[in-house]
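These are notes on the model, set down as numbered points.

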Amino acid sequence: MSPLERFIPRFQLTRPSEAEIAGERDRRAAVLLPITNKARPGILLTQRAVSLRSHPGQIALPGGAADPGEISPIATALREAREEVGIPPQAVQVLGQMAPVDSVTGFRVTPVVGIIPPYLPLAGNPQEVSDIFELPLDAALDLSRYRYIDMTRNTVERRLYFYLYEGRMIWGLTAGILYRLATQVKND
């Protein structure tokens, strides 16, 4: 059994609903949660360029807003991963998607989980990405590494997750998605 095979059945993934396909919410977005198929699998993350208007310098999963006419979160996640880090859509073995989460900026973000080959020749789009790195999957799934604070923004209470990895602070939506993944895998 490969290292990934023991995790794959534990991901709670879904197919897009008709409402999601129809674009029930105007501000739809998706991120790819790319897991490298290595002896020690990892989750590919990016550091956003500091010149970006929104979320400059933050650690993120490849992704972004849906284009008009995009029929699914999977299509959005694959397009964005190609544009941001050069992952060819045909190289991604899509396992499915996690339930959407609402961001503080008003987007409904759907995480799409996929396996990518090891050692893809990746190239970050310098206008969007300043660095590409891997967080080992076993470390990402270790719930004891996550910290959080509860806060209120615009009268909405939220839990904000943090994860420190090799001097990099992973926080906000990205850390929340990784925490949810770890919780789902642990609870199965």
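1. Ala 139 counts as buried, since its relative accessibility is 4% and the cut-off for buried is under 20%. The residue sits in helix α3. Leaving aside residues up to four places away in sequence, Ala 139 touches Arg 145 and Tyr 163. Gly 42 is 97 residues from Ala 139 in sequence, yet their C-alpha atoms are 8.7 Å apart. The model is a predicted one, and the remarks below should be read with that in mind.

2. Some totals for the chain. Four helices and 11 strands make up its secondary structure. Of the 188 residues, 43% are buried. Among contacts with a separation of 6 or more, 66% are between residues 24 or more positions apart.

3. The largest nonpolar core has 31 residues. Which of them touch the most other members? They are Leu 33, Ile 43, Leu 45, Leu 135 and Ile 170. Two or more residues each are given to this core by strands β1 (28-36), β2 (42-48), β7 (108-116), β8 (129-136) and β10 (156-165), and by helices α3 (137-140) and α4 (172-187). Helix α4 provides the largest share, six residues. As a general remark, nonpolar side chains tend to be buried together in soluble globular proteins.

4. Beyond residues up to four places away in sequence, Leu 33 touches Ile 43, Leu 61, Met 98, Val 112, Val 113, Gly 114, Ile 177 and Leu 181.

5. Helix α2 covers residues 73-85, 13 residues in total. From first C-alpha to last, α2 reaches 18 Å, close to the 18 Å expected at 1.5 Å a residue. Is this helix mostly covered or mostly exposed? It is mostly covered, with 10 of its 13 residues buried. The buried residues of α2 are Pro 73, Ile 74, Thr 76, Ala 77, Leu 78, Arg 79, Glu 80, Ala 81, Glu 84 and Val 85. They pack against β1, β2, β4 (63-65), β5 (93-97), β7 and β8. Gly 86 follows the helix and has a positive phi, near 80°.

6. The salt bridges number 10. One of them joins the side chains of Lys 38 and Glu 134, at 2.7 Å from N to O. Lys 38 is in the loop between β1 and β2 while Glu 134 is in strand β8, so this pair ties together parts that are 96 residues apart in sequence. Glu 134 is partly exposed, at 25% relative accessible area.

7. Two further pairs may be listed. Arg 145 and Asp 142 meet through their side chains in a salt bridge of 3.4 Å, N to O. Both are partly exposed: Arg 145 has a relative accessible area of 38%, and Asp 142 has one of 28%. Asp 150 forms a salt bridge with Arg 159, with 2.8 Å between the closest N and O atoms. Asp 150 is exposed, at 51% relative accessible area, whereas Arg 159 is partly exposed, at 41%.

8. There is also a network of salt bridges, which links Asp 67, Glu 70, Arg 79, Glu 80 and Glu 83. Of these, Arg 79 and Glu 80 are among the buried residues of α2.

9. Leu 164, Met 169 and Trp 171 make a nonpolar surface patch of about 290 Å². Leu 164 belongs to strand β10. Leu 164 has a relative accessible area of 56% and therefore counts as exposed, the cut-off being over 50%.

10. Ser 54 lies in the loop between β2 and β3 (59-60). This serine is partly exposed, with a relative accessible area of 39%. Between Ser 54 and Thr 105 there are 9.7 Å in space, C-alpha to C-alpha, for a separation of 51 residues in sequence.

Conventions:
Residues are numbered from 1 along each chain as its sequence is written. This is a predicted model: local features need pLDDT of at least 70, side-chain atom pairs count only at pLDDT 80 or more; totals for chains, interfaces and linings use all residues. Side-chain values use heavy atoms; hydrogens and water are left out. A nonpolar core is a set of buried Ala, Val, Leu, Ile, Met, Phe, Trp, Tyr and Cys residues joined through side-chain atoms within 4.5 Å. Buried means under 20% relative accessible area, exposed over 50%, partly exposed in between (1.4 Å probe, protein chains only). Contact means heavy atoms within 4.5 Å. Patches are made of residues with over 30% relative accessible area and no salt bridge: like charges are joined within 9 Å, nonpolar side chains (Val, Leu, Ile, Met, Phe, Trp, Tyr) within 5 Å. Accessible areas come from the Shrake-Rupley method with a 1.4 Å probe; for residues, only the protein chains shown count as cover. A salt bridge is a side-chain nitrogen of Lys or Arg within 4 Å of a carboxyl oxygen of Asp or Glu. The expected span of a helix is 1.5 Å times one less than its number of residues.
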